[in-house]
Amino acid sequence: MRCLIRADATFESGTGHVMRCLTLAEELRARGHEVLLRGELGGITWLIERVAEAGVRHEHVQEHDLAWADEDAGSFDVVVVDSYVIDADSVNAMARVVPTLAIVDADHRGLIVDLYLDQNLGAVDFPGEQSLIGPRYALVRAEIVRLKRGRLRPLTSTPQILSIMGGSDPTGAIVAVARELLSLPMPVEVTLVVAPRWQNDVDALIADRPGFRSLAPTPALPELLAGADVVVSATGTSAWEICTIGVPSMFIAVVDNQRPGLHALIERELSLGIDLTDLPAPRGNEPKIAQGVERLITEDSLRERLFSACNQVFDGQGARRVAAALEVIARSQR
């Protein structure tokens, strides 16, 4: 099977679309299929390296342009589109020629395709359409699934806290998180994964604080997650990875489209959470993130409850299920 994946990443829009598509691409390649990732990677060094490391061919095209040519119909057996912006009419015209899967988040934007994937908690079927719905289909990388914990890991003697606000962190939420974690009353080891534009701000905050370090976004995130006792993260695609491993976590909504996911995580008692989307930017207005992290460190029953809920909801097999569904629609051949 020959698969085209169309997704973009930029510092402004984030890296989540490409990252979840890359997870699917790796599963397809493991099944012996050919994959081409077509899209903008925004000059994001670590992401470019991650795509190359995965062995996935990449073809650069302009952001938000479907870039579908007539001759592509003879080159691909199935197409995956993951975008909030690419013109729906263009996608629909393509889907009339080649079996197509659209990865969406609640709103299918008028897309008329063979299959829809909405991996979010609380997602519902699109009436009359074939859909892959909910965390059963969450696109979680194989290296993350291998780290899935069979039981709650005891806290290390000095709790290890990891914070990541996404591959590009367009709002600078990591600065607010760093400031809050500095107020924790107990000794901790804190690793802050910081997008380049916020590096100086974070380094200035933690310069004289033992146990705090900052890192640039890195493909080594699985290793960092493996060593964490507590994670503070934006509610993006990494949320499903963190839940799959089973690390007690606090998730933060930093842009509007993360709010439904955050609220679902809290309602299902999978994590603690805070919504930063309605708050003004000036220092001092962010909620007390540190209070939630302190609870995750000191309340054993809370940690156990969150771990058990995550362990039941996220089995890590989503990429396999989606790849199998793609194989089915590809066989339909126009």
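This is a predicted model: local features need pLDDT of at least 70, side-chain atom pairs count only at pLDDT 80 or more; totals for chains, interfaces and linings use all residues.
Residues are numbered from 1 along each chain as its sequence is written, and side-chain values use heavy atoms, with hydrogens and water left out. Local features require pLDDT of at least 70 and side-chain atom pairs pLDDT 80 or more, whereas totals for chains, interfaces and linings use all residues.

The largest nonpolar core comprises 36 residues. A nonpolar core is here a set of buried Ala, Val, Leu, Ile, Met, Phe, Trp, Tyr and Cys residues joined through side-chain atoms within 4.5 Å; buried denotes under 20% relative accessible area, exposed over 50%, and partly exposed the range in between (1.4 Å probe, protein chains only). Within this core, Leu-24 and Leu-101 touch the most other members. Two or more residues each are given to this core by β1 (2-7), α1 (16-30), β2 (34-38), α2 (45-53), β4 (78-82), β5 (100-103), β6 (115-118) and α12 (318-330). These elements are DSSP runs numbered from the N terminus, helices being H or I of at least four residues and strands E of at least two. Apart from this core lies another, of 33 residues, which includes Val-177, Val-188, Leu-192 and Ile-297. With neighbours within four places in sequence left aside, the contacts of Leu-101 (heavy atoms within 4.5 Å) are Leu-24, Val-79, Val-80, Val-81, Leu-115, Tyr-116, Leu-117, Val-322, Leu-326 and Ile-329. In soluble globular proteins, nonpolar side chains tend to be buried together.

Helices α5 and α3 were examined for burial. Helix α5 (residues 173-181) is largely enclosed by the rest of the structure, because eight of its nine residues are buried. These are Ala-173, Ile-174, Val-175, Ala-176, Val-177, Ala-178, Glu-180 and Leu-181. In helix α3 (residues 88-95), the buried residues are Ala-88, Val-91, Asn-92, Met-94 and Ala-95. They lie on the same side of α3, because their arc around the axis is only 160°, as given by the directions from the helix axis to the C-beta atoms. Both β4 and β5 are among the elements that cover them. At the start of α3, the backbone nitrogen of Asp-89 lies within 3.4 Å of a side-chain oxygen of Asp-87.

Two helix pairs were also considered. Axes are lines fitted to C-alpha atoms, for helices over the stretch in contact, with angles from 0 to 180 degrees between N-to-C directions. Angles under 35 degrees count as roughly parallel, over 145 as roughly antiparallel, 65 to 115 as roughly perpendicular and the rest as oblique. The axes of α1 and α2 come within 11 Å and cross at roughly 10°; the two helices are therefore roughly parallel to each other. Their contact involves Val-18, Met-19, Leu-22 and Glu-26 of α1 with Trp-46, Leu-47, Arg-50 and Val-51 of α2. For α10 (residues 289-298) and α11 (residues 300-313), the axes come within 5 Å and cross at roughly 90°, which makes α10 roughly perpendicular to α11.

Most residues other than glycine have a negative phi. His-64, which is not a glycine, has a positive phi of about 70°, and Ala-67 has a positive phi of about 55°. His-64 is partly exposed at 35% relative accessibility, and Ala-67 is partly exposed at 25%.

Key:
A polar contact is a pair of N or O atoms within 3.5 Å; within protein, one must be able to donate a hydrogen and the other to accept it, and residues adjacent in sequence count only if both atoms are side-chain atoms.
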